[in-house]
Amino acid sequence: MTHLSFIAFGLLIGTAVVAGFFAYLYSLKRQTYQIIWTAAWALFSVYFLSRVPLPAANGLSIHVALGEWIFALAALFFFLGAQLYSQREPWLLAAGSIAAAVLVWALLYWKTWLGVPPGVGTALILFATSLVFFQESRRQETLAERLLAVTFGGWAILQFSLIVARDSESLQQVGLWAMSAVPAAFVAILMVMALYEEEKRRVERNMLALSNLNLATSSFVGGEIQRMLAQALDRVLGVVRIPAGALFLHHGDPQGPT
């Protein structure tokens with residue numbers, strides 16, 4: 001086994017551990033964007049498996065081309081997770097179309113029918129993820145999202161640089177692709193910071209919702225109960241960002257409705 005194989009397997013194990021950590025966080029918090037990020041890290045770990053050199057491979061191997069597609073899928077999952085994290089509607093249809101297009105792109109590049117490597121598309125997806133975090137950082141004014149925007153932007157720039165450097169055979173021999181793990185490590189750390197910030201904001205929103213509910217119910221008058229409960233429900237739903245909800249009242253009578 002060559003030194004490049006050891007590097008690839010080492011990075012695979014490292015990113016797989018990160019994927020397992022985010023899966024554990026999802027089991028605790030049950031936030032959808034956390035399982036999306038778990039899938040992204042799992043795909044990114046599989047990408048390093050595609051970098052293991054094959055002894056009989058001449059030119060660009062099909063497993064390397066498919067690895068580039070898997071990297072693009074991981075970037076798409078990072079993007080969708082960022083949208084869900086920032087309380088936006090995820091672009092599921094567009095993401096599916098992009099995934100299919102990058103697969104065709106990778107196969108055409110493998111057949112040498114297209115000269116532009118699919119890594120260009122991956123870099124663009126990473127840059128789009130950076131924009132999502134940048135917009136969220138301006139809305140929330142938090143450091144974690146701002147640093148994530150910078151890191152994903154730097155990852156996109158590095159990806160472009162690696163594509164340019166691929167033409168150098170000597171650089172390929174030292175596994176220049178392994179440099180993509182450097183921004184990934186920063187992304188993993190910053191994502192944990194972002195999860196902490198989001199949890200803190202969620203607690204603050206819940207406290208505000210409870211205070212709004214207490215404020216609304218403190219001025220109950222017999223004939224205004226229905227109107228006041230509707231206002232309280234609207235306040236709570238507005239704070240916790242839920243589009244619809246209902247209040248179920250307990251009459252306090254053991255023989256009555258529950």
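This is a predicted model: local features need pLDDT of at least 70, side-chain atom pairs count only at pLDDT 80 or more; totals for chains, interfaces and linings use all residues.

Visitor: What share of the 258 residues is buried?

Guide: Buried means under 20% relative accessible area, exposed over 50%, and partly exposed in between, with a 1.4 Å probe and protein chains only. Of the 258 residues in the chain, 41% are buried.

Visitor: And what share of the contacts links residues 24 or more positions apart?

Guide: Contact means heavy atoms within 4.5 Å. Among contacts in the chain with a separation of 6 or more, 67% join residues 24 or more positions apart.

Visitor: How does the span of helix α3 compare with what its 24 residues should give?

Guide: The expected span of a helix is 1.5 Å times one less than its number of residues. Helix α3 (residues 62–85) should therefore span 34 Å, and its end C-alpha atoms lie 35 Å apart, which agrees. Helix α5 has 22 residues and reaches 31 Å between its first and last C-alpha, close to the expected 32 Å.

Visitor: Is α3 largely enclosed or largely open?

Guide: Largely enclosed by the rest of the structure, because 18 of its 24 residues are buried.

Visitor: At what angle do α2 and α3 pack?

Guide: Axes are lines fitted to C-alpha atoms, for helices over the stretch in contact, and angles run from 0 to 180 degrees between N-to-C directions. For α2 and α3 the angle is about 165 degrees, with the axes 8 Å apart. Angles under 35 degrees count as roughly parallel, over 145 as roughly antiparallel, 65 to 115 as roughly perpendicular and the rest as oblique. That makes α2 roughly antiparallel to α3.

Visitor: What is the handedness of the crossing of α2 and α3?

Guide: A crossing is left-handed if the near helix is turned anticlockwise from the far one by less than a right angle, and right-handed if clockwise. The crossing of α2 and α3 is left-handed. By class, their contact has 21 nonpolar, 4 polar and 1 charged residues; Ala, Val, Leu, Ile, Met, Phe, Trp, Tyr, Cys and Pro count as nonpolar, Asp, Glu, Lys and Arg as charged, and the others, Gly among them, as polar.

Visitor: Which residues does A40 touch?

Guide: A40 lies in helix α2 (residues 32–49) and counts as buried at 0% relative accessibility. Not counting residues up to four places away in sequence, A40 touches A74, F77 and F78.

Visitor: How do the axes of α3 and α4 cross?

Guide: They come within 9 Å and cross at roughly 160 degrees. That makes α3 roughly antiparallel to α4, and the crossing of α3 and α4 is right-handed. Residues in this contact include W69 and L73 of α3 and V102 and W110 of α4. The contact of α3 with α4 has 17 nonpolar residues, no polar and no charged.

Visitor: And how do the axes of α3 and α5 cross?

Guide: They come within 9 Å and cross at roughly 15 degrees. That makes α3 roughly parallel to α5, and α3 passes α5 in a left-handed crossing. The contact of α3 with α5 divides into 13 nonpolar, 4 polar and 2 charged residues.

Visitor: What is T129 in contact with?

Guide: T129 is in helix α5 and is buried, with a relative accessible area of 0%. Leaving aside neighbours within four places in sequence, T129 is in contact with A75, F78, F79, A82 and F152.

Visitor: Where does Q87 lie?

Guide: Q87 lies in the loop between α3 and α4. Its phi is near 60 degrees, a positive value in a residue other than glycine, and Q87 counts as partly exposed at 42% relative accessibility.

How values were computed
Residues are numbered from 1 along each chain as its sequence is written. Side-chain values use heavy atoms; hydrogens and water are left out. Helices (H or I, at least four residues) and strands (E, at least two) are DSSP runs, numbered from the N terminus.
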